[in-house]
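The following account is intended to be read alongside the sequence and the three-dimensional view. Please keep both at hand while following the description.

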Amino acid sequence: MKLIAAADYRDMSKKAAGIFLKQMEQKRQSVLGLATGGTVKGVYSELVELFLEGKISFAEAASFNLDEYFGMKKEDPNSYFSYMQEQFFSHTDFAGESNYIPDGTAADPIDECSRYDRLIEQSGGVDLQLLGIGENGHIGFNEPGTSFEIGTHLVGLTESTRQANARYFEVMEQVPKEAITMGIGTIMKSRKIVLLASGGKKAAAIEQLWYGKVTEDFPASVLKLHPDATIIADEEALSGVRMEGKGELSQ
Ligand SMILES: O=P(O)(O)OC[C@H]1O[C@](O)(CO)[C@@H](O)[C@@H]1O
């Protein structure tokens with residue numbers, strides 16, 4: 001696992017966008033694994049800027065998002081479908097049918113989960129997966145205690161995750177209790193993974209990720225078992241890691 005120090009949120013976003021740019025230069029038909037949340041918004045605006053400058057095109061790419069709230073319609077402003085349209089897709093040249101997000105309104109969520117994993121496989125698998133990290137170490141909506149082997153599945157959200165996401169809703173009762181998420185097994189099949197962290201709230205999680213052991217009690221720790229995983233974190237998120245003046249560390 002590699003750790004890259006960024007000065008601040010903008011620098012973190014630019015460094016991550018640079019990895020996407022390189023990926024797209026190497027393979028125009030890349031399959032991108034995408035995330036939602038506050039941390040990754042800056043990467044999307046950097047990528048949109050690169051697109052508007054004519055430096056990157058997604059016309060031949062496909063994307064698979066990590067998760068979607070269960071029971072939420074696409075059109076809901078809080079759906080991850082709406083988030084992705086607003087932050088990224090509608091400003092770029094992705095072909096209409098190439099952006100996949102789990103269907104939060106599927107009548108049979110179990111079926112929807114296997115359909116999603118099948119679609120990822122049929123697409124050739126994810127080339128580059130973008131991740132945020134929860135304060136409790138969750139990736140996607142894989143909460144502590146989730147098996148490292150699991151594929152896409154329906155999950156009950158923990159109270160702490162609901163609290164963390166409550167800022168997007170008017171009242172706590174509106175925060176969904178379930179979501180469909182790519183599993184850790186699905187995420188680990190990606191060829192390359194980039195995890196971003198920004199701000200002091202993520203410092204304890206990044207410290208544990210870097211120094212802690214691999215355990216299902218801390219889902220992100222699985223990345224230590226991945227052959228090509230990179231963390232990019234800003235100064236505040238890195239406050240618990242001894243960088244010793246270096247811009248990059250490896251373990
Ligand atoms: O970037 P944020 O908003 O701190 O969220 C971190 C993680 O939590 C989630 O929003 C899920 O709670 C993920 O989608 C995200 O990667």
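The paragraphs below treat the sheet, a helix, the ligand shell and the annotated sites in turn.

This is a predicted model, in which local features need pLDDT of at least 70 and side-chain atom pairs count only at pLDDT 80 or more, whereas totals for chains, interfaces and linings use all residues. Residues are numbered from 1 along each chain as its sequence is written.

The description begins with the sheet. Helices (H or I, at least four residues) and strands (E, at least two) are taken as DSSP runs and numbered from the N terminus. Eight strands form an open sheet in the order 5-3-2-6-9-10-1-11, and the pairing is mixed. Strand 5 (99–100) and strand 11 (248–250) are its edges, since each pairs on one side only. Pairing here requires that DSSP finds at least two bridges between two strands. Strand 1 (residues 2–6) pairs with strand 10 in the parallel sense over 5 bridges, and Lys 2 has Thr 230 of strand 10 as its bridge partner. Strand 7 and strand 8 (residues 178–181) run antiparallel and are joined by 4 bridges; in strand 8, Glu 178 is the bridge partner of Gly 156. As a general rule, strands of a sheet pair through backbone hydrogen bonds, either parallel or antiparallel.

Burial is judged by counting other C-beta atoms, placed from the backbone, within 10 Å of a residue's own: 20 or more means buried, 12 or fewer exposed, and anything in between partly exposed.

Helix 7 (residues 203–211) has Ala 205, Ile 206 and Leu 209 as buried residues. These three lie on the same side of helix 7 because they cover an arc of only 95° around the axis, the arc being that of the directions from the helix axis to the C-beta atoms. In general, an α-helix has 3.6 residues a turn, so residues three or four places apart point the same way. The buried residues of helix 7 pack against strand 9 (192–197) and strand 10 (229–234).

Which residues surround the ligand? The shell consists of Ala 35, Thr 36, Gly 37, Gly 38, Thr 39, Gly 132, Ile 133, Gly 134, Phe 141, Thr 161, Ala 164 and Asn 165; a residue is near the molecule if its C-beta atom, placed from the backbone, lies within 6 Å of it. By class, 4 are nonpolar, 8 are polar and none is charged.

The unreviewed UniProt entry annotates Asp 67, Asn 136, His 138 and Glu 143 as "active site"; such annotations may be inferred rather than shown by experiment. His 138 is in the loop between strand 6 (128–131) and strand 7 (153–156), and Glu 143 is also found in the loop between strand 6 and strand 7. Is His 138 buried or exposed? His 138 counts as buried because it has 26 C-beta neighbours inside 10 Å. Glu 143, with 19 such neighbours inside 10 Å, therefore counts as partly exposed. Contact means that two C-beta atoms, placed from the backbone, lie within 7 Å. Leaving aside neighbours within four places in sequence, His 138 is in contact with Glu 143, Pro 144, Thr 161 and Pro 219. On that basis, Glu 143 touches His 138, Val 155, Thr 158 and Thr 161.

Methods. Ala, Val, Leu, Ile, Met, Phe, Trp, Tyr, Cys and Pro count as nonpolar, Asp, Glu, Lys and Arg as charged, and the others, Gly among them, as polar.
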